[in-house]
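Load the model in your viewer and get a selection tool ready. We will walk through its charged side chains, stop by stop.

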Amino acid sequence: MSESIHPFDLLRQLAQQCRSQAIGLPAQDVVSETWSGVGFRLAGQPMVAAMGEVAEILHEPRYTALPRVKSWVRGVANVRGRLLPIIDLSRFFGATVNAPRKQRRVLVLDRDDLFVGLLVDELLGMQHFPVTSFTTELPTIEQGFRPFVVGAYVQEQVSLVFNFRALARDQAFLDVAI
């Protein structure tokens with residue numbers, strides 16, 4: 001009579017065989033620190049914002065226009081029971097908008113007393129950059145962007161780092177009434 005092997009012992013033998021025949025992962029020679037952000041296109045310029053600055057990303061919602069506001073204020077939208085002001089960021093900077101509506105996205109800022117949706121031309125998704133590719137020496141950029149750009153990541157293209165906190169403190173941005 002042959003002895004029967006307990007199923008648990010059989011599994012243990014199988015796991016041991018797999019470990020003995022497994023090929024290890026390749027060694028990573030250089031560990032590179034990266035910075036991550038949300039990439040978007042604004043007035044044709046690739047930009048990126050820190051992950052913590054953007055609370056949510058939406059398709060352009062239906063909104064109600066407001067009277068007696070500047071042309072770059074699109075209106076207010078009801079987003080899950082909260083009134084979200086929609087600001088066309090390209091128009092705020094005086095640029096013409098060429099992006100199709102279905103390509104445009106709203107970056108929602110929800111910090112302190114500021115709850116606003118910023119309409120951008122296109123969402124480029126999550127971006128990762130080696131911290132060594134950061135520079136504070138800015139290329140030639142639109143003068144209106146300069147107060148809100150803290151630097152750039154330079155790889156195949158230049159991605160400007162947009163500072164939404166600086167925008168939220170800007171009096172011209174806060175003064176929406178005509």
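Start with the overview: the structure holds 9 salt bridges, each being a side-chain nitrogen of Lys or Arg within 4 Å of a carboxyl oxygen of Asp or Glu. This is a predicted model, where local features need pLDDT of at least 70 and side-chain atom pairs count only at pLDDT 80 or more, while totals for chains, interfaces and linings use all residues. Residues are numbered from 1 along each chain as its sequence is written, and side-chain values use heavy atoms, with hydrogens and water left out.

First, select Glu122 and Arg41, whose closest N and O atoms are 3.1 Å apart in a salt bridge. Glu122 sits in strand E8 (residues 122–130) and Arg41 in strand E1 (residues 34–42), 81 residues apart; strands are DSSP runs of at least two residues, helices (H or I) of at least four, numbered from the N terminus.

Next, pick Asp175 and Lys70, which form a salt bridge at 3.9 Å, N to O. Asp175 follows helix H4 (171–174) and Lys70 is in the loop between E3 and strand E4 (73–79), so the pair ties together parts 105 residues apart in sequence.

Now select Glu53, in the loop between strand E2 (45–50) and strand E3 (56–59).
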